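Here is a protein model to read feature by feature.

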Amino acid sequence: MMGRSMQRTPCDNMNHRRANAPVGHCPQCGGVVNDHIRVAPCSESNHAAARRHQSVFCVDCGLRLILAR
Ligand SMILES: [Zn+2]
Ligand SMILES: [Zn+2]
């Protein structure tokens, strides 16, 4: 019998541990960290800025910004 519940830890980003994450998606794995944040349409300049901060995923829409090799 499995003792654990289906609790997944997508990555070690701190946003997953926050009860009230300031962003909708995790920048490292793209998982939803706060589904109360409304998804606004992103512009390409928004994504370009996020790439400069080395976010793999957009924290607003969850889109992958940096492709895996
Ligand atoms: Zn994550
Ligand atoms: Zn976006």
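**Reading the core and the exposed positions**

A: The largest nonpolar core has 8 residues: Ala21, Cys26, Val33, Ala50, Phe57, Cys58, Val59 and Leu65. A nonpolar core is a set of buried Ala, Val, Leu, Ile, Met, Phe, Trp, Tyr and Cys residues joined through C-beta atoms within 7 Å. A residue is buried if 20 or more other C-beta atoms lie within 10 Å of its own, exposed if 12 or fewer, and partly exposed in between, with C-beta atoms placed from the backbone. This is a predicted model, in which local features need pLDDT of at least 70 and side-chain atom pairs count only at pLDDT 80 or more, while totals for chains, interfaces and linings use all residues. Residues are numbered from 1 along each chain as its sequence is written, and chains are lettered from A and ligands numbered from 1 in the order in which they are written.

Q: What percentage of the residues in the protein is buried?
A: Of the 69 residues, 20% are buried.

Q: How many helices and strands does the secondary structure hold?
A: Helices (H or I, at least four residues) and strands (E, at least two) are DSSP runs, numbered from the N terminus. Here there are 1 helix and 0 strands. The helix, H1, covers 44-52.

Q: Which residues does Phe57 touch, not counting those up to four places away in sequence?
A: Two residues are in contact if their C-beta atoms, placed from the backbone, lie within 7 Å. Phe57, a member of the largest nonpolar core, touches His25, Cys26, Pro27, Gln28, Cys29, Gly30, Gly62, Leu63, Arg64 and Leu65. Among contacts in the protein with a separation of 6 or more, 26% join residues 24 or more positions apart.

Q: Is Asp12 buried or exposed, and why?
A: Asp12 is exposed because 9 other C-beta atoms lie within 10 Å. Asp12 belongs to the segment before H1. Its C-alpha atom is 10.0 Å from that of Cys26, 14 residues away in sequence.

Q: Why is Pro41 exposed?
A: Pro41 has 7 other C-beta atoms within 10 Å, so it counts as exposed. Pro41 also sits in the segment before H1, and its C-alpha atom is 8.2 Å from that of Asp60, 19 residues apart along the chain.

Q: What is the phi of Gln54?
A: Gln54 is not a glycine, yet its phi is positive, at about 65 degrees. Gln54 lies in the segment after H1 and is exposed because it has 10 other C-beta atoms within 10 Å.

Q: Where does Ala68 lie?
A: Ala68 is in the segment after H1. With 5 other C-beta atoms within 10 Å, Ala68 is exposed. The C-alpha atoms of Ala68 and Val56, 12 residues apart along the chain, are 8.8 Å apart.
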